[in-house]
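Keep the 3D view open while you read.

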Amino acid sequence: MKANEAGSMARGKSKLFLWRWAVSLFAMGWCLSCGHKGSMTIMVITPTGGLEYWEDFNRAVEASAKSTGIHTELAAPQSVTDYTEQAQMVETAIARHVQGIIVCPAHQLVLNSVLQKAVQAKIPVVIVGSPVALSANDFAAFVGWDEAEAGRLAARRFVTLLGGRGEVGMVGVSPTVEGSSVIERAFTEEIGKAPRVKLVGVKYGLSDWARARQAVLDMEAEHPNIKGIFTTDEFSTHAAAFAFDQSGQKRPLLVGVSDELQDLNGLKSGRTDALIVTDPKELGAQAMQAMRSVIAGSNSTSYSSSNSMQLPVYIVDKQNMNDNAVVAELFSETH
């Protein structure tokens, strides 16, 4: 699916969510004023902290929640690979009997059993970002972005930049991080369609800048003819952008996944050739909107896949980044 097609699909589904929300606003107000003492509490659990992306996401969730008097509490493990810590945060939210949980799972399987506990406790769960290996009936809604399209867009850009010929490598997070793995599989499949472009290696940075930098340098050392490197998260993208900064040599082409301002500035300055970006504010607003709709609409724990939506991804470069609405919004926050 092309990015503009994904955008049309997301806009259509967004209108559906808006309609459901509008219909349920009156019920939400009644629920808050009569059904509970004080405000509801929604626990928001992201895969890691310290990134502008998740800070923007959290601010959007909080702003959407406050508009109807809902209280949110935020939690995140130090690293995206701290799966057990994230699972414990969900356990804690269940033990506190919060009224809802919004969670972006770092691992597709690790959270399964604890999320089923939330179902048993009749706590609605909105899954954000990456899907989990649960039936759609076990969570209230899924709001994500098209990670497979991110991989395909990056592969197509490399084929274009390389003129259809050359070696490329990839630096991801971890083979056990579902979001990164989806991107990597799609990238591999799309690159495989170009007979003269070869994927020669895959390494992992484990969401650590120093490890990711070393992985990028090792990739180049092991494959001296490599022409391009694809990085699938913010840490490896930033690491790759600066790995060749002091070398004085011509660097491989770099395409990465990141909405961080430092990486967007790196795109402007020529450290990176293209970035895959998404809209963290839209992700947060839609996640909270889905939660409000579920809370206002029913106390039932029987859900449907119709409560799911997928947001678009975009690929930007130095030439077109100023025309992208997501990039423009991110830069506007700094002025």
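1. Start with a rule for aromatic rings. Rings of Phe, Tyr and Trp, the last by its six-membered ring, pair if their centres lie within 6.5 Å. Planes under 30 degrees apart count as stacked, those over 60 as edge-to-face, and the rest as tilted. By this rule the count comes to four aromatic pairs. Bear in mind that this is a predicted model.

2. Take Tyr 53 and Trp 54. Their ring centres are 5.1 Å apart and their planes stand at 80°, so this pair is edge-to-face. Are these two residues buried or exposed? Tyr 53 is buried, with a relative accessible area of 5%. Trp 54 also counts as buried, at 10% relative accessibility. Ring pairs link Tyr 53, Trp 54 and Phe 57 into a cluster.

3. Now look at Phe 187 and Phe 230. Here the ring centres are 4.6 Å apart and the planes lie at 25°, so the pair is stacked. Which parts of the chain does this pair link? Phe 187 sits in helix α6 and Phe 230 in strand β8; they are 43 residues apart, and the pair links distant parts of the chain. Phe 187 is buried, at 0% relative accessible area. Phe 230 is buried too, with a value of 0%.

4. Lys 268 lies over the face of Phe 331, at 4.5 Å from the ring centre.

5. Next, the sheet. Six strands form an open sheet, with the order β7-β6-β8-β9-β10-β12 and mixed pairing. Why do β7 and β12 each have a side without a neighbour in the sheet? Strands β7 (197–204) and β12 (314–316) stand at the edges and have a single partner strand each, so one side of each is left without a neighbour. From one strand to the next, the twist averages 20°.

6. Zoom in on one pairing. Strand β6, residues 166–172, and strand β8, residues 226–231, pair in the parallel sense over five bridges. Val 171 stands opposite Thr 231 in β8. Helix α6 (residues 178–191) packs on the sheet and touches β6, β7, β8 and β9 (253–257). The direction of helix α6 makes about 170° with that of β6. Phe 187, from point 3, is in this helix.

7. Helix α8 covers residues 234–243, and Ala 243 lies in it. Ala 243 is buried, with a relative accessible area of 7%. What does Ala 243 touch, not counting residues up to four places away in sequence? With those left out, Ala 243 touches Arg 213, Val 216 and Leu 217. Ala 243 and Leu 217 are 26 residues apart in sequence and 6.9 Å apart in space, C-alpha to C-alpha.

8. Turn to charges. Side chains of opposite charge can pair when their charged atoms come close. A salt bridge here needs a side-chain nitrogen of Lys or Arg within 4 Å of a carboxyl oxygen of Asp or Glu. By this rule the count comes to twelve salt bridges.

9. One of them joins Glu 149 to Arg 152, with the closest N and O atoms 3.0 Å apart. The two residues are three residues apart in helix α5 (residues 147–161), so about one helical turn separates them. Glu 149 is buried, with a relative accessible area of 0%.

10. Another joins Lys 203 and Glu 222, where the closest N and O atoms are 3.1 Å apart. Lys 203 lies in strand β7 and Glu 222 in helix α7 (residues 209–222), so the pair ties together parts that are 19 residues apart in sequence. Glu 222 counts as partly exposed, at 46% relative accessibility.

11. Arg 251 and Asp 273 form a salt bridge as well, with the closest N and O atoms 2.7 Å apart. Where do these two residues lie? Arg 251 is in the loop between α8 and β9, and Asp 273 is in the loop between α9 (261–269) and β10 (274–277). They are 22 residues apart, and the pair links distant parts of the chain. Arg 251 is partly exposed, at 22% relative accessible area. Asp 273 is partly exposed, at 24%.

12. Last, a network. Salt bridges that share partners join Glu 149, Arg 152, Arg 156, Glu 190 and Lys 193.

How values were computed
Residues numbered from 1 in each chain as written. Predicted model: local features only at pLDDT ≥ 70, side-chain atom pairs only at ≥ 80, totals over all residues. Heavy atoms only, no water. Pairing = 2+ DSSP bridges. Helix = DSSP H or I, 4+ residues; strand = E, 2+ residues; numbered from the N terminus. Axes fitted to C-alpha atoms, helices over the stretch in contact; angles between N-to-C directions. Contact = heavy atoms within 4.5 Å. Buried < 20%, exposed > 50% of the residue type's maximum accessible area, 1.4 Å probe, protein only. Lys NZ or Arg CZ within 6 Å of the ring centre and 35° of its normal.
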